[in-house]
Amino acid sequence: MGNMYPSTKTWGIFTGCSFSCEYCKPSFQRQVRRVARKIKCLDCYNYYPHAHPERRFRIPSAENVFVAGTGDISFCEPGYVWGCIFWAIENHRPRKPKTYLFQSKAPSCFKQYLPWFKKHQDKVILLTTLETNRDKGYGLISKAPPPSVRFLDFYALDYPRKVLTIEPVMDFDHEQMVHMVLDLKEQGSLLYVWFGYDSKNCGLPEPSVEKAQRLVDALKGYGVEVRGKTLRGVKV
Ligand code: SF4
């Protein structure tokens, strides 16, 4: 996820994930494996969830920092999150204000950390990915909680600064997808939506450009800010 979004860098304070998303193999896993050879870390090589506490003083200088962006923080021991990750952020003295992005495909894991997130909410955004609204067949793509569960868990988080990532987009049901996004907007928690296709062409079941455009247009029509990446002609 290193340079995935503008002005954003990943902080590999925790790495790896067992959700095994199909599209992760040529992207994050390949990226981590390259580093693994240099630092001789077998857990990185195997993308096994594990901590890198020696990186606690190496928070990237970027304006936006994806915390554990090459992995899923839901696999991280809470003691490590509190004692190392939060500690490092609290003790970091950047020259310019930073935003810390915490993203998980199991967003219920964030519930236990809400007191800390709220205390630092001026610099923390919570994110989850919703490639589709469809649960059926999702298990062939990923072992992460199905989209409907993920959405409800994300929605249930009592936190005012959320971002939804519809990327890499998979085929969806227009009305349901729009409703999910609008529920977050009406909750008052949604800052914006990332939208994009699979940049690695992993053979995901994808919507046509026309269908994707219809979704983007509908969201924008309801006042949702949509930011784009790997758009294949879709206009955001
Ligand atoms: S949840 Fe994220 S880190 Fe985990 S396998 Fe999927 S894409 Fe990779």
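User: Hey, looking at this model, how many bridges join strand 5 to strand 6?
Analyst: There are 4 bridges between strand 5 (residues 99-103) and strand 6 (residues 124-129), and these two strands run parallel. Keep in mind that this is a predicted model.

User: Ok, and which residue is the bridge partner of Gln-103 in strand 6?
Analyst: That's Leu-127.

User: What holds strands together in a sheet, in general?
Analyst: Strands of a sheet pair through backbone hydrogen bonds, and the pairing can be parallel or antiparallel.

User: So what order do the strands of this sheet come in?
Analyst: The order is 1-4-5-6-7-8-9, which makes 7 strands in an open sheet with parallel pairing. Strand 1 (8-11) and strand 9 (226-229) are at the edges, and each has a single partner strand, so one side of each has no neighbour in the sheet. On average, neighbouring strands here are turned by 25° against each other, ignoring direction.

User: Which strands does helix 3 lie across?
Analyst: Helix 3 (residues 78-91) lies across strand 1, strand 4 (64-67) and strand 5. Its direction is at about 165° to strand 5. Helix 5 (residues 147-156) also packs on the sheet, where it touches strand 6 and strand 7 (162-166). The angle between helix 5 and strand 6 is about 165°.

User: How many helices and strands does the protein chain have?
Analyst: The protein chain has 7 helices and 9 strands.

User: How does the radius of gyration fit with a compact globule?
Analyst: It agrees: a compact globule of 236 residues would have a radius of gyration near 18 Å, and the protein chain has 17 Å. The C-alpha trace spans about 45 × 35 × 30 Å along its principal axes.

User: What share of the residues is buried?
Analyst: 53% of the 236 residues count as buried. As for contacts with a separation of 6 or more, 77% of them are between residues 24 or more positions apart.

User: Where is the cis peptide bond?
Analyst: The cis bond joins Glu-167 and Pro-168, with omega about 0°. Pro-168 sits in the loop between strand 7 and helix 6 (174-187).

User: I also spotted Asn-201. What is its phi?
Analyst: Phi of Asn-201 is near 50°, which is positive even though the residue isn't glycine. You'll find Asn-201 in the loop between strand 8 (190-196) and helix 7.

User: Is Asn-201 buried or exposed?
Analyst: Asn-201 is exposed, because its relative accessible area is 59% and the cut-off for exposed is over 50%.

User: What about Thr-230, where does that lie?
Analyst: Thr-230 lies in the segment after strand 9. Its phi is near 50°, again a positive value in a residue other than glycine. At 28% relative accessibility, Thr-230 counts as partly exposed.

User: Last one: where is Gly-223?
Analyst: Gly-223 is in the loop between helix 7 (209-221) and strand 9. With 54% relative accessibility, Gly-223 counts as exposed. From C-alpha to C-alpha, Gly-223 is 21 Å from Val-209, and the two are 14 residues apart in sequence.

Methods. Residues are numbered from 1 along each chain as its sequence is written. This is a predicted model: local features need pLDDT of at least 70, side-chain atom pairs count only at pLDDT 80 or more; totals for chains, interfaces and linings use all residues. Side-chain values use heavy atoms; hydrogens and water are left out. Two strands pair if DSSP finds at least two bridges between them. Axes are lines fitted to C-alpha atoms, for helices over the stretch in contact, and angles run from 0 to 180 degrees between N-to-C directions. Contact means heavy atoms within 4.5 Å. The radius of gyration is taken over C-alpha atoms; the globule rule is 2.2 Å times the number of residues to the power 0.38. Buried means under 20% relative accessible area, exposed over 50%, partly exposed in between (1.4 Å probe, protein chains only).
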